[in-house]
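Subject: Structure handover

Hello,

Here is the structure I promised to pass on. Please open it alongside this email.

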Protein chains: 2
Amino acid sequence: MPGPGPEDEDKVQLQAWDIGLATAQRSADLAQTLPAGITRAINMQVRGARRSTEAREPELSTGRMCSRPVPQEPLRRVAVTGGTHGDELSGVYLARHWLRAPGELQRPSFSALPVLANPVAAAACRRYVGRDLNRTFTSTFLTAGARPYDPYEVTRARELNQLLGPKASGRAFDFVLDLHNTTANMGTCLAADAAHNVFAMHLCRHLQLQNPDLSCPVLLYQLPGEESHSVHSVAKNGMVLELGPQPQGVLRADLFSRMRALVAAALDFIELFNQGTAFPAFEMDAYRAVGHVDFPRTEAGDLAGAVHPLLQVCALLGPPARGQGPPDTCVPDCSQDRDFRPLRPGAPVFQMFSGEDVLYEGESTVYPVFINEAAYYEKGIAFFQTEKISFSVPALPALAPAPGP
Amino acid sequence: MPGPGPEDEDKVQLQAWDIGLATAQRSADLAQTLPAGITRAINMQVRGARRSTEAREPELSTGRMCSRPVPQEPLRRVAVTGGTHGDELSGVYLARHWLRAPGELQRPSFSALPVLANPVAAAACRRYVGRDLNRTFTSTFLTAGARPYDPYEVTRARELNQLLGPKASGRAFDFVLDLHNTTANMGTCLAADAAHNVFAMHLCRHLQLQNPDLSCPVLLYQLPGEESHSVHSVAKNGMVLELGPQPQGVLRADLFSRMRALVAAALDFIELFNQGTAFPAFEMDAYRAVGHVDFPRTEAGDLAGAVHPLLQVCALLGPPARGQGPPDTCVPDCSQDRDFRPLRPGAPVFQMFSGEDVLYEGESTVYPVFINEAAYYEKGIAFFQTEKISFSVPALPALAPAPGP
């Protein structure tokens, strides 16, 4: 996962505020062995920028937003990066495959470059070996002089900045598509920095239209004031495919094929744009990150509870009991976690090991994502909160024909 | 996962034989971009002991099997081990919780000892830091003298052998219940070494009867001739709870609660036995390991394909397409992988990155388990093959009353 939110919180300007969460007697199977009627307040800190929905949405919907400039030339320098996290295997194995057989990435007007972004972590089948590569593309790391004991990923970030950047320079790649998996039930998530990235919004729209049988939610991950820190930020533009759920270190053929098809469709879109296709304006629904919530913890910092089953699991009904129904009976799907679904005030969010429930007592409905993502335990994140927004995306005009010879 | 099958194959007597697998044109979405009509044979080696179903099943069904002796005394020295693999979090967090609050493990006739088996790996949230602890309880490691550069887990195995063993001695613990998770769709799997472990079979039966709403398949994991190598093998008896699917490094509240309830029921069973309860004979169905199958690989040893969607996913039908059905439409569950389900000759088992299917061409139906388990990639195992067997388990007689004072 590319991961909204920085690893080194002290290096990034963040504002924090509190939302209220409360505990209540849990209703599950342990209730009978635990003290009844416990209700106490717990304050959970949500880190992130204060929401400014009111201020920003009118801007978006009236088209007065500060848009990232759309490309004025064909995109010829395009890269597809896999294995930015070495245990997210869809991208690892696609990158390895394309490095052997790059034909799939060729289009008439360009050939996308396959890159195994973190080969050392991929060889170890770990997210990273020194520090999270996808939090390392900041000016602090990219511009500092090399030191003998730099973590591997700092060195690798500088290499990738030379290969695909330099960041914020005219020599940078035109577009980087970065491939990620998550253990959370994010489905086929299309992640871009912000709504004002008009080219990325059109690409997301194209992928949605090309995949009518998939729900392809769009996640806008960048918090206001946050410095970009991910691999594709060294290019002029980019976005992320975030497919899940898939455990770390596991390659599922269905997600592998889906990601492969999405990359093909993304390259087709760039080819259409390069060939002079115009794309009309449209209305977009998306989920914008507003902060994140940590697990309940002991005084020593260890977990004191887990994500509540009612947040992680859509329905508690299991398969039919032995002998109580035909095995093929159609039952509600218990595996569908509630990423991108509304979390309303009063709903349970955590289940304490002691048996209590922790309830969400925010003022408004939010849409959690990355619920219980394995890689975020160490970052103190149980889930991200997003708000669902709708906005108008202006047309993407056709490129002007190239001047004649 | 405790894992049938040794890590160091050269140290264990194994027989290997070939089953035939074939490739055929795959029918999935890539078919149109790939050469059509490819059909070639691939031989996949299955490592394990040759099946001897015909010789063993009559033995079992007529009660002439060489049974492990049933306990003649109450079981007073009982341990529950979690975190034998540091990234299987149900057991890690249960062990940590019980170390702070051991009351749940107390019964009138005994108090079970909670043990965090691999605390260093648990702190790092990794399966192990030096070598797989659960493959280290062999005489080679336990009896050799300590050396300065022993992997941590070799040292830890000796410590646990002192705490819970020594292995094969009269001073060893009476019973060890070892807690594991798997990324595979194993559900609530009860794993014991072999059908002749009458006490463990009765415990499995008790857990099945206590959980009529769960399918609790019994896995018999030990291959004939294989030296026991897992943590509970240092005790006089033991078994494994293997709950999945759960990604490594993730704690799901539903599996945490289920494992907690299963441990409580297991201790209740031991208490009943200790108090003089007799348990009648019954018929048991179980899945007995017969070997394992590696992924298709390139000449360099890298993956050349993935577990086939039709082996990993029960049904390919997804949720209703956007706008093509109400969101709560009852659809077949796509997440139910085919662990413990029959794999018949001719069925696809792998999907090559090149687009071909690899078919199972064994002579008889097998029941794959641990399909696509993350921890087994490094061991060269895509799934285990088991055979489904039925056998009679003799009665577990009541303990003789303790002699009067």
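Below are the conventions, then the findings.

**Conventions**

This is a predicted model, in which local features need pLDDT of at least 70, side-chain atom pairs count only at pLDDT 80 or more, and totals for chains, interfaces and linings use all residues. Residues are numbered from 1 along each chain as its sequence is written, chains are lettered from A and ligands numbered from 1 in the order in which they are written, and side-chain values use heavy atoms, with hydrogens and water left out.

**Chain A overall**

Chain A has 8 helices and 16 strands. Both are DSSP runs, numbered from the N terminus: helices are H or I with at least four residues, strands are E with at least two. Of the 405 residues in chain A, 58% are buried. Buried means under 20% relative accessible area, exposed over 50%, and partly exposed in between, with a 1.4 Å probe and protein chains only. Take the contacts in chain A between residues at least 6 apart in sequence: 77% of them join residues at least 24 apart. A contact means heavy atoms within 4.5 Å.

**The second largest pocket**

The volume of this pocket is about 1200 Å³. A pocket is found on a 1 Å grid over the protein atoms alone, as an open set of points where a 1.4 Å probe fits, with protein on both sides within 12 Å along at least five of seven lines; lining residues have an atom within 4 Å of a point. Grid points are joined across faces, edges and corners, and the volume is the space filled by probe spheres set on the points.

The second largest pocket is lined by 45 residues, and the closest to its centre are C125(A), R126(A), Q248(A), C125(B) and R126(B). Which elements give two or more residues to the lining? They are α2 (89–100) and α3 (119–124) of chain A, together with α2 (89–100) and α3 (119–124) of chain B.

By class, the lining has 24 nonpolar, 7 polar and 14 charged residues. Nonpolar covers Ala, Val, Leu, Ile, Met, Phe, Trp, Tyr, Cys and Pro; charged covers Asp, Glu, Lys and Arg; the others, Gly among them, are polar.

Why does the pocket lie between domain 1 and domain 2 of chain A? Because domain 1 (9–53 + 295–311 + 318–372) and domain 2 (78–288) both give residues to its lining. The domain bounds come from an automatic or database domain assignment.

**Nonpolar cores**

A nonpolar core is a set of buried Ala, Val, Leu, Ile, Met, Phe, Trp, Tyr and Cys residues joined through side-chain atoms within 4.5 Å. The largest has 77 residues, and M201(A) and L241(A) touch the most other members. Helix α7 (residues 253–274) of chain A gives the most to this core, with 11 residues. Apart from it lies another core, of 76 residues, including A112(B), L179(B), A266(B) and M284(B).

Leaving out residues up to four places away in sequence, M201(A) touches A192(A), A194(A), A195(A), V218(A), L220(A), F282(A), M284(A), F391(A) and V393(A).

**Backbone points to check**

Most residues other than glycine have a negative phi, and most peptide bonds are trans. These are worth a look:

- G165(A) and P166(A) are joined by a cis peptide bond, with omega about 0°. P166(A) is in the loop between α5 (152–164) and β7 (175–181) of chain A.
- In chain B, the peptide bond from G165(B) to P166(B) is cis, with omega near 0°. P166(B) is in the loop between α5 (152–164) and β7 (175–181) of chain B.
- F340(A) has a positive phi, near 70°. This residue is in the loop between α8 (309–312) and β13 (348–352) of chain A. F340(A) is buried, at 10% relative accessibility.
- F370(B) has a positive phi, near 50°. This residue is in the loop between β15 (367–369) and β16 (383–393) of chain B. F370(B) is buried, with a relative accessible area of 1%.

**Two buried residues in chain A**

N197(A) is in the loop between β8 (187–192) and α6 (198–210). Is N197(A) buried or exposed? Buried, at 0% relative accessibility. Leaving aside neighbours within four places in sequence, N197(A) is in contact with R68(A), N237(A) and G238(A).

L116(A) is in strand β6 (residues 113–116). At 13% relative accessibility, L116(A) is buried too. L116(A) and R96(A) are 20 residues apart in sequence and 6.9 Å apart in space, C-alpha to C-alpha.

Best wishes
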